[in-house]
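The tour below goes from one selection to the next and says what is found at each stop.

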Amino acid sequence: FRFNTAIAELMTLQGVLTKARAAGLDDSEEWRAGVKTLLTLLAPIAPHITDELWRRLGERSSVHLESWPSHDPAALVSSTVTLAVQVNGKVRGQIDVPVDASKEAIAELAKGEANVQRYLEGKELVREIVVPGRLVSFVVK
């Protein structure tokens with residue numbers, strides 16, 4: 001019963017659909033599928049209006065008879081991850097690295113980030129901490 005979370009996510013989907021419509025994509029099959037998904041997900045929260053809008057889409061049956069949308073597990077897998085880069089405990093930048101990158105490669109990419117370089121220039125690197133999937137931290141004097 002956390003309706004605010006559900007509604008916030010539905011508003012995100014609605015925002016994407018609005019942008020797609022403004023870009024002239026409202027005649028595409030993907031846009032129609034997005035609208036149908038939005039109505040299906042909104043139906044338990046606002047049953048009457050979603051059923052009316054469903055019928056205006058040209059559907060003959062009720063939106064409440066539709067099956068729940070399924071997800072694609074492959075779409076949830078990311079090939080990169082964004083890591084925070086700290087210098088002396090303060091976040092100084094972010095880097096995008098491949099998920100399977102080694103600690104050494106991650107550290108080199110972090111040292112190459114422009115804002116991080118500013119804080120490392122002319123300083124002695126005391127410690128280098130790399131937590132894959134989380135952060136990179138440099139301690140300098």
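Begin by selecting Phe3, Ile7, Met11 and Ile45, which make a nonpolar surface patch of about 350 Å². A patch takes residues with over 30% relative accessible area and no salt bridge; like charges are joined within 9 Å, and nonpolar side chains (Val, Leu, Ile, Met, Phe, Trp, Tyr) within 5 Å. Accessible areas come from the Shrake-Rupley method with a 1.4 Å probe, and for residues only the protein chains shown count as cover.

Two notes on the source apply throughout. The model is predicted: local features need pLDDT of at least 70, side-chain atom pairs count only at pLDDT 80 or more, and totals for chains, interfaces and linings use all residues. Residues are numbered from 1 along each chain as its sequence is written, and side-chain values use heavy atoms, with hydrogens and water left out.

Ile7 sits in helix 1; helices (H or I, at least four residues) and strands (E, at least two) are DSSP runs, numbered from the N terminus. With a relative accessible area of 33%, Ile7 is partly exposed. On this scale buried means under 20% relative accessible area, exposed over 50%, and partly exposed in between (1.4 Å probe, protein chains only).

Next, the largest pocket. Select Gln14, Leu17, Thr18, Arg21, Trp31, Val35, Leu38 and Leu57, which line it. The space in the largest pocket is about 160 Å³. On a 1 Å grid over the protein atoms alone, a pocket is an open set of points where a 1.4 Å probe fits, with protein on both sides within 12 Å along at least five of seven lines; lining residues have an atom within 4 Å of a point. Grid points are joined across faces, edges and corners, and a volume is the space filled by probe spheres set on the points.

Which helix gives the largest share of the lining of the largest pocket? Helix 1 does, with four residues. Helix 1 (3-22) and helix 2 (29-42) each supply at least two residues of this lining.

Stay on Gln14, which lies in helix 1 and is partly exposed at a relative accessible area of 40%. Between the C-alpha atoms of Gln14 and Leu39, 25 residues apart along the chain, the separation is 10.0 Å.

Move on to the salt bridges (a side-chain nitrogen of Lys or Arg within 4 Å of a carboxyl oxygen of Asp or Glu). The whole structure has seven salt bridges. Select Arg32 and Glu59, whose side chains meet in a salt bridge at 3.2 Å, N to O. This pair links distant parts of the chain, with Arg32 in helix 2 and Glu59 in the loop between helix 3 (47-56) and strand 1 (80-87), 27 residues apart.

Because Lys36 is in helix 2 and Glu59 in the loop between helix 3 and strand 1, the pair ties together parts 23 residues apart in sequence. Arg32 is partly exposed at 28% relative accessibility, and Lys36 is partly exposed at 24%.

For another salt bridge, select Lys111 and Glu108, with 3.8 Å from N to O. The two are three residues apart in helix 4 (residues 103-112), so about one helical turn separates them.

Finish at Asn88, in the loop between strand 1 and strand 2 (90-98). Asn88 is not a glycine, yet has a positive phi of about 55°.
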